[in-house]
Amino acid sequence: MEEAHGQHVGVVSHHELKQTLSTLQLWAIAVGLVISGEYFGWSYGWASAGTLGFTVTALFVAAMYATFIFSFTELTTSIPHAGGPFAYARHAYGPVGGYFAGAATLIEFVFAPPAISLAIGAYLNVQFPSLDPKLAAFCAYLVFMGLNIIGVEIAATFELVVTVLAIFELLVFMGVVSPGFSIANFVKGGWSGEDRFSLSTVPGMFAAIPFAIWFFLAIEGVAMAAEEAKDPRRSIPIAYITGILTLLALAVGVMLFAGASGDWTKLANINDPLPQAMKFVVGDSSNWLHMLVALGLFGLVASFHGIIIGYSRQIFALARAGYLPPVLATVHPRFKTPWLAILAGGAVGVFAIFSDNLLVIGGQPLTANIVTMSVFGAILMYMISMASLFRLRKAEPDMERPFRAPFYPWFPAFALFGATICMIAMIYYNFLIFVIFCIMLAIGYVYFLSTARRRAQAPEDVMIETKEELQQEGLKS
């Protein structure tokens, strides 16, 4: 599609946001974004695939994420832009590519927090039965949006603290259940209820893909903090690689120790597999169990808080480039944070919270479906990002690449292949949600078409403009 004629008004300096994040803080954001997935959600994969079948699925998804992160890091360090995947696709494929990557990322990061906030509310309701879970979820938004607005350094330091506490809690869990560890428990009926593998297990393994993705979903959100890192070209590769290794170790440990602690079938359809697994070993009244329940909130808080950082930077970057109303790119004059973008994403989340039981799709409440919607957004973004890497390697071989994807082209190719398999499985098992996902993208595309002039007049940004556009700008000047 031809862009509307216009002239850039101003230039993006990439110093609108405050550059304060250290490598350690970026690592905490990478792990914190994801770590709630170690506490709940994944065990539903056992219901369809069994422990061994799900292990195969999880290892495949882990391999996809590992190769994806090693490849994605090349893009993040080459184009350290707050828009992350939007910026890479915009630079590689132009405005339309930027739209689809930006929309997919926005769906992933705006739709995940309401579900996590409701989990926080449900947890607090257990501790304080008189507290309305939805009110608690709403208050969680208010508290953590406020913390994000006050400053990214304060927000990142908080993220570091809660992430370390969440990791400590998972290690405590593994230590407490270790006396009851029996590999016989883990493998019993491990292939969809059978002791031996058969072809009948395969459909369940594919159906379990979303729950394996839950182990790692949103780690790519570190890319959106690139403009706030002190030294993104050095610190982001370290944060990504150590982050994915940390999550891999925790995922394997949590799954193995939980499944080996007792009858894993009793953990396969519940939201609190870790406390229930601990009960197998220490009983219902152990102080260890009370500590796990008391501190388990940190995992949810770490992910919820980290994803707010991610969605707000994506909204900010899209607004700065003219894809969303420019007012959403407003930076707080004192705190140097995208405060209106933080509030805008929060408004969507709060609407979802209070619409949870009003909108039922496929027999499930809204929040259950928006988690699936978030996964669709993530997988589409992974596919576009890997395609962008291939495109930029070919179109701009001389681009500065502080980190180069190892084993190119095999790593990004496997990541793209894995994401495609995941997308096919997701569509097959969640077709109605996929149709709604496509309708949302189509509505967004109509809006995209209406903003051509605004995008043409947005501030010049050399990180996102294509090589051809930059050459044309050079000729004009």
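This is a predicted model: local features need pLDDT of at least 70, side-chain atom pairs count only at pLDDT 80 or more; totals for chains, interfaces and linings use all residues.
Which element supplies the largest share of the lining of the largest cavity? That share, four residues, comes from α4.

View 1. Residues are numbered from 1 along each chain as its sequence is written, and side-chain values use heavy atoms, with hydrogens and water left out. The search returns two cavities of 30 Å³ or more, a cavity being a set of points, on a 1 Å grid over the protein atoms alone, where a 1.4 Å probe fits but cannot get out.

**View 2. The largest cavity and its lining.** This cavity holds about 90 Å³ of space, a volume being the space filled by probe spheres set on the grid points, which are joined across faces, edges and corners. Of its 14 lining residues, L33, W214, L217, A218 and I307 lie nearest the centre; lining residues have an atom within 4 Å of a point. At least two lining residues each come from α1 (23-34), α2 (36-39), α4 (85-127) and α13 (297-320), helices being DSSP runs (H or I, at least four residues) numbered from the N terminus.

**View 3. The second largest cavity.** About 40 Å³ of space lies here, and the lining consists of E74, L75, S78, I79, L389, L392, R393, M399 and R401. Two or more of these residues are given by each of α3 (44-78) and α15 (366-395).

Key
On a 1 Å grid over the protein atoms alone, a cavity is a set of points where a 1.4 Å probe fits but cannot get out, and a pocket is an open set with protein on both sides within 12 Å along at least five of seven lines; lining residues have an atom within 4 Å of a point.
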